[in-house]
Amino acid sequence: MSLRIGDVAPNFQAETSIGKIDFYEFLGDNWGVLFSHPADYTPVCTTELGRTAALKDEFEKRNVKVLALSVDSAVSHKGWINDINETQHTNVEFPIIADEDRKIADLYDMIHPNASETLTVRSLFIISPDKKVKLMLTYPASTGRNFNEVIRVIDSLQLTAKYSVATPADWEDGEDVIVMNSIKTEEIPSRFPKGYKEIKPYLRTTPQPNK
């Protein structure tokens, strides 16, 4: 049974590039990003892990912990990290999970047989502090992720978890948001004192409430 949005993210224990971890303990009360890679020493993955490391401050200020997964060993990961740091001019400090037996890949449905019988596709999960899966992205092995989009989605998820709003297409942090239809129009002024626009009865916008 594959995971779906709203499901509880399964806990696991694993060897990683920084030692053994318990997933839930590692996350604590933070948000989490768990993402998989087909294998170590692969070119697209090298750029992705370097980009993730470069975004360390952006993840930290959003209280997000990141960890990657590859089906190779922790020893292999450590050697690969040296290459990543050298070629991407960064410093990988987050853990890379060693999933040689593919237990975690199976747990999170990261192996798609029609793509590869043995290698994980590029799966990415955003997990909230209550350990619920809030977003899933899946890319083919040939296409690197857009990490600006990952950050944008985290901003949206954290905002909409706190306020009764949704974010429109192409929304960026700081732009107007949509008032949820569960809020009656007459209730908007008290809930969103910055004002609102009624474009249609079902489409009401307001300035981002936490800015």
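Mentor: Let's begin with glutamate 58, which counts as partly exposed at 27% relative accessibility. On that scale, buried means under 20% relative accessible area, exposed means over 50%, and partly exposed is what falls in between (1.4 Å probe, protein chains only). Before going on, remember that this is a predicted model: local features need pLDDT of at least 70, side-chain atom pairs count only at pLDDT 80 or more, and totals for chains, interfaces and linings use all residues. Residues are numbered from 1 along each chain as its sequence is written, and side-chain values use heavy atoms, with hydrogens and water left out.

Now for the partner. Glutamate 58 meets arginine 62 in a salt bridge, 2.8 Å from N to O; the term means a side-chain nitrogen of Lys or Arg within 4 Å of a carboxyl oxygen of Asp or Glu. Side chains of opposite charge can pair when their charged atoms come close. Arginine 62 has a relative accessible area of 12%, which means that it counts as buried.

Arginine 62 also has a salt bridge to aspartate 155, where the closest N and O atoms are 2.6 Å apart. That pair ties together distant parts of the chain, 93 residues apart: arginine 62 is in the loop between H3 and strand E4 (64–70), while aspartate 155 is in helix H6 (residues 147–162). Helices here are DSSP runs (H or I, at least four residues), as are strands (E, at least two), numbered from the N terminus. Salt bridges with shared partners join Glu58, Lys61, Arg62 and Asp155 into one network. Both arginine 62 and aspartate 155 are buried.

Helix H3 (residues 56–61) brings in another pair, through lysine 56. Its salt-bridge partner is glutamate 93, with 2.6 Å between the closest N and O atoms. Again distant parts of the chain are linked, this time 37 residues apart, with glutamate 93 in the loop between helix H4 (74–88) and strand E5 (96–98). Glutamate 93 is partly exposed at 44% relative accessible area, and lysine 56 is partly exposed at 35%. The model's salt bridges come to 7 by this rule.

Glu100, Asp101, Asp106 and Asp109 form a negative surface patch; patches take residues with over 30% relative accessible area and no salt bridge, joining like charges within 9 Å and nonpolar side chains (Val, Leu, Ile, Met, Phe, Trp, Tyr) within 5 Å. Aspartate 106, in helix H5 (residues 103–107), is exposed with a relative accessible area of 52%.

Zooming out, the protein chain has 7 helices and 11 strands, and its C-alpha atoms fill a box of roughly 60 × 40 × 30 Å along the principal axes. Of its 211 residues, 45% count as buried.

Terms used: Areas by Shrake-Rupley, 256 points an atom, 1.4 Å probe, with all protein chains shown as cover. Lys, Arg positive; Asp, Glu negative; His and termini not counted. Charge placed at Lys NZ, Arg CZ, Asp CG, Glu CD.
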